[in-house]
Protein chains: 2
Amino acid sequence: MNAETFKKKFVTFDDTDKESLENVLSIIEDVKKNSDSALKKYTEQFDGQTVEDFRVPEEKLKRSFENLSDEEKNALILIKDRIADYQQSIKYKDYQDGEFSYVYHPLERIGIYIPGGTALYPSSVLMSAVPAAVAGVKDIVAVTPTFTDENITLAALYIAGVTEVYTAGGAQAVAALAYGTESIKKVDKITGPGNKYVALAKKQVFGDVGIDMIAGPSEILLYVDDTADYTAIAYDVFAQAEHDVNARTFLLAESSNVIEAVQSEIDRLIGEQQRTDVIRESLNNNHYQIIDSRENLLEIINYIAPEHVSIQHREEQVISKNIRYAGAVFIGKYSPEAIGDYAAGPSHVLPTNQTGRFSHGLNVNDFLTSHAVIQLKEGTYNSIADAAKTIAKKEGLYAHYESLNIRTER
Amino acid sequence: MNAETFKKKFVTFDDTDKESLENVLSIIEDVKKNSDSALKKYTEQFDGQTVEDFRVPEEKLKRSFENLSDEEKNALILIKDRIADYQQSIKYKDYQDGEFSYVYHPLERIGIYIPGGTALYPSSVLMSAVPAAVAGVKDIVAVTPTFTDENITLAALYIAGVTEVYTAGGAQAVAALAYGTESIKKVDKITGPGNKYVALAKKQVFGDVGIDMIAGPSEILLYVDDTADYTAIAYDVFAQAEHDVNARTFLLAESSNVIEAVQSEIDRLIGEQQRTDVIRESLNNNHYQIIDSRENLLEIINYIAPEHVSIQHREEQVISKNIRYAGAVFIGKYSPEAIGDYAAGPSHVLPTNQTGRFSHGLNVNDFLTSHAVIQLKEGTYNSIADAAKTIAKKEGLYAHYESLNIRTER
């Protein structure tokens, strides 16, 4: 298949609609106006829970951690340390060059949305909160509609460096973080994935607070050849598919033999999978393609900018060097996407749905802000003031002209 | 005045309303559906112009430049070079460390909104487009509702590295850039300031394309002492005020003598200003305050995160080092804000309205995207796979577990 045919067939995911947007807008207005009482109302309405105090006591978080097995405790700590080490290594540093400096500072207060419900994703807690902690953010606030009493999500929040946890979810939690309520003080930026209401709410509050990205269903593009372990690739496909029924896999290869071999492993093993119903439905979104040239492969990858690209191929180095747009790229047998989901180091909060073409995975630098400091010397000023004055005059900004002129006159 | 009193009195700017939002949503839907014909309709309706071909011919841009005086040509070129040099110096570089690399790539196609109407702002063209050109963006598309035949805005577009220019503005131009029409191919990211409809439209298309920020009225915070030239400060205040009637100035000092001295220069000179009506109205938004401690000063600055902070004070170094949140900081007599508007180097497209607390001025790095490349060695993999497997099991993601497990088994 060539790239143009592929592009024509490729459809971006869109589950938003006008009614949902209107609902979200009215929830945001209500929380802005009625604060905690609106937050309570929607938590009852959507989560079926009556919450008296949104704040989760530190003691409860601590107990959740302490009640874990040693194996689980150690796993969380190891993962936390891996994330922290990696994020520290890519953290931006101040830059100074003569008359300019460019400086970075941690955000003061950020909010992390942690999806809740029945599923528990402690890895998402660590992947979102640890980069913020490494950045040096003072107040790291988490909101999550997780109503069970003690669990590994709360345990992860305990060790991640989170300073406040609130039991709230949906558009109402996003609105509370963006505008503040009696219980929850306004934050400067909101990060973390959520359902479509969370995504719509994040979009509406964008500009009033910072937002990381709008997350869609998970995707992987696997490019494999006959050096790959077909059974392992089948499990990589299942791992992607088990996320949810909208998850997508693009399995590409140069030869139909490779695709057939993986397909045959999938057929052989699918019945044994624990989340087999989700996997079967999700597999409907799989796209298996024979790619006839390296050029077409790269054009397809750069067009989709897949959340995950996994290259298990004898020419993996040269291929990966030519990938411009992706959430993250995983090379070789020992970097399956699942290791990135947990313990490799880079955050697994990654852009989906073609947004990798303009945005990047959540990292420590998303929790910094920056500005230029300008201190020109007299000589520099005099060498450029005339050009500035010429354009100021042309723009009709005469006080700009005078503000520039008076400094050369005296 | 102390910081708490200041914060209570401080009001963020908000000129959006539900009706405008609904209008913008319907314009976006219309452009999505009816493409160029909707774009034509709204250009007639809002700009009173019938446009047959949205594309501005290269020849017209070239002629606009060639018809400038040598002084103007040289000014534009000097400014362009200053911007390019500075942006090159802060451009992010790929990072490689053992099993990880973190790589940057220019965006493929970006759209810049250039405000039009009667005012011409060639400096805004250069400040937006040159950083994109330095980033290496292939297609740099500008849209502007500038209908005059030849002018310095078109000249600036000619030398800035812009590859396509279209005569369109408002929410309809933003929608065209975000979703594409017959005339204008979809872009990956939209940058540049505009009026409230442009701002609302950018917010609505956020997520489908990248967006730089939502711009509000311009602001400056001036902190001065008796080492400052009061006449120059008065012109700095006028320069800020002449932008538009919503522009804000915060003039802070330790002593009432300093504020009175500046005020007296303002009173003496205001009658001579060319844009005196705008300046007089805008001065109503000025806030002159005596600041009783350095701590209060910094708390106020970091709370407002002013678009521009200008420190003309004997202790300017130590003060500027403690500023965490600002659009840009200007130090000393030879760095008035007006030089930053034109020729210093850093972009003058800066966050306003407290958004400097989470966002930064437009720069070359906003036109790059990035991703991690992960290639673990077998030993590293084996040292972390167990922790990952433990958490995968706990999260109920069994295929993730198997995808991890099969690589340690074989």
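**Notebook: chains A and B**

I started at the interface of chain A and chain B, where the rule finds 12 salt bridges. The model I am reading is a predicted one.

I looked up one salt bridge by residue. E72(A) forms it with K394(B), and the closest N and O atoms are 3.0 Å apart.

Next I took the extent of the interface. I noted 114 residues of chain A in contact with 113 residues of chain B. About 10800 Å² is buried between chain A and chain B, and carbon and sulfur atoms give 60% of that area. I then asked which residues of chain A lose the most area to chain B. They are Y334(A), F358(A) and R407(A), which together make up 8% of what that side buries.

I checked how the two chains are related. Chain A superposes on chain B by a rotation of 180° with 0.0 Å of shift along the axis, at an RMSD of 0.0 Å. The two copies are therefore related as by a two-fold rotation axis. In chain A, K203(A) has the C-alpha nearest the axis, at 3.4 Å from it. Both copies use the same surface, since 99% of the contact residues of chain A recur in chain B.

I turned to the domains of chain A. The assignment gives domain 1 as 18-92 + 106-211, domain 2 as 217-358 and domain 3 as 376-409. I noted 56 Å between the centres of domain 2 and domain 3 of chain A, taken over C-alpha atoms.

Then I traced a sheet. It is open, has 8 strands with mixed pairing, and takes strands from both chains in the order β10(A)-β9(A)-β8(A)-β11(A)-β12(A)-β13(B)-β2(B)-β1(B). Its edge strands are β10 (287-290) of chain A and β1 (95-97) of chain B, each pairing on one side only. From one strand to the next the twist averages 20°.

I looked at one strand pair inside this sheet. In chain A, β11 (residues 308-312) and β12 (residues 328-331) pair in the parallel sense over 4 bridges. Within that pair, S310(A) stands opposite F330(A) in β12(A).

Terms used. Residues are numbered from 1 along each chain as its sequence is written. Chains are lettered from A and ligands numbered from 1 in the order in which they are written. This is a predicted model: local features need pLDDT of at least 70, side-chain atom pairs count only at pLDDT 80 or more; totals for chains, interfaces and linings use all residues. Side-chain values use heavy atoms; hydrogens and water are left out. Domain bounds come from an automatic or database domain assignment. Two strands pair if DSSP finds at least two bridges between them. Helices (H or I, at least four residues) and strands (E, at least two) are DSSP runs, numbered from the N terminus. Axes are lines fitted to C-alpha atoms, for helices over the stretch in contact, and angles run from 0 to 180 degrees between N-to-C directions. Copies are superposed by least squares on the C-alpha atoms of residues with pLDDT of at least 70 in both. Contact means heavy atoms within 4.5 Å. Buried area is the accessible area (1.4 Å probe) that two parts lose on being put together, summed over both. A salt bridge is a side-chain nitrogen of Lys or Arg within 4 Å of a carboxyl oxygen of Asp or Glu.
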